Amino acid sequence: KLSKQEVMVLRYLAKGFNCSDIAGLLDISTHTVTTYIKRIYHKLAVHSRGEAVYEAHKMGLINLDE
């Protein structure tokens, strides 16, 4: 299961934001964003942004129509 912060990062990734943008939006460091992304990839068993977004959408974690 993804944490609330991980889901937020994933939503921004799905919208095309980069790590620096996400860090600014969530008021956290880029290092923290990178850590969240690594955890997301591990938890979803994926290796790329596209795979993460696809799996999260398939699992109902994010809505691509937002």
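1. Contact here means heavy atoms within 4.5 Å. In this predicted model, the buried residues of helix 3 pack against helix 1, helix 2 and helix 4.

2. Which residues of helix 3 are buried? They are Val33, Tyr36, Ile37, Ile40, Tyr41 and Leu44. These residues cover an arc of only 135° around the axis, which puts them on the same side of helix 3. An α-helix has 3.6 residues a turn, so residues three or four places apart point the same way. The face turned away from the buried side carries the exposed residues His31, Lys38 and His42.

3. Now the length of helix 3. The helix has 15 residues. From first C-alpha to last, helix 3 reaches 21 Å, close to the 21 Å expected at 1.5 Å a residue. Just after helix 3, Ala45 takes a positive phi of about 55°.

4. Helix 2 spans residues 19-26, and its buried residues are Ile22, Ala23 and Leu26. They sit on the same side of helix 2, because their arc around the axis is only 100°. What covers them includes helix 1 (4-14) and helix 3 (30-44).

5. Look at both ends of helix 2. At its start, a side-chain oxygen of Asn18 comes to within 3.1 Å of the backbone nitrogen of Ser20. Just after the helix, Asp27 has a positive phi of about 55°.

6. The largest nonpolar core has 20 residues. Which of them touch the most other members? Val9, Leu10, Ile22, Ile40, Leu44 and Ala52 do. Helix 1, helix 2, helix 3 and helix 4 are the elements that give two or more residues to this core. Helix 3 gives the most, with 6 residues.

7. Leaving aside neighbours within four places in sequence, Ala52 is in contact with Leu10, Ile40, Tyr41, Leu44 and Val46.

8. The side chain of Glu6 makes a polar contact with the side chain of Lys43, at 2.9 Å. Not counting residues up to four places away in sequence, Glu6 touches Lys1, Tyr36, Arg39, Ile40 and Lys43.

9. Tyr12 is buried, with a relative accessible area of 17%. Phe17 is partly exposed, with a relative accessible area of 28%.

10. Last, Leu64. This residue lies in the segment after helix 4 (49-58). Not counting residues up to four places away in sequence, Leu64 touches Ala14, Val53 and His57. Leu64 and Phe17 are 47 residues apart in sequence. In space, the two are 14 Å apart, C-alpha to C-alpha.

Note on methods. Residues are numbered from 1 along each chain as its sequence is written. This is a predicted model: local features need pLDDT of at least 70, side-chain atom pairs count only at pLDDT 80 or more; totals for chains, interfaces and linings use all residues. Side-chain values use heavy atoms; hydrogens and water are left out. Buried means under 20% relative accessible area, exposed over 50%, partly exposed in between (1.4 Å probe, protein chains only). Helices (H or I, at least four residues) and strands (E, at least two) are DSSP runs, numbered from the N terminus. The arc is that of the directions from the helix axis to the C-beta atoms. A polar contact is a pair of N or O atoms within 3.5 Å; within protein, one must be able to donate a hydrogen and the other to accept it, and residues adjacent in sequence count only if both atoms are side-chain atoms. The expected span of a helix is 1.5 Å times one less than its number of residues. A nonpolar core is a set of buried Ala, Val, Leu, Ile, Met, Phe, Trp, Tyr and Cys residues joined through side-chain atoms within 4.5 Å.
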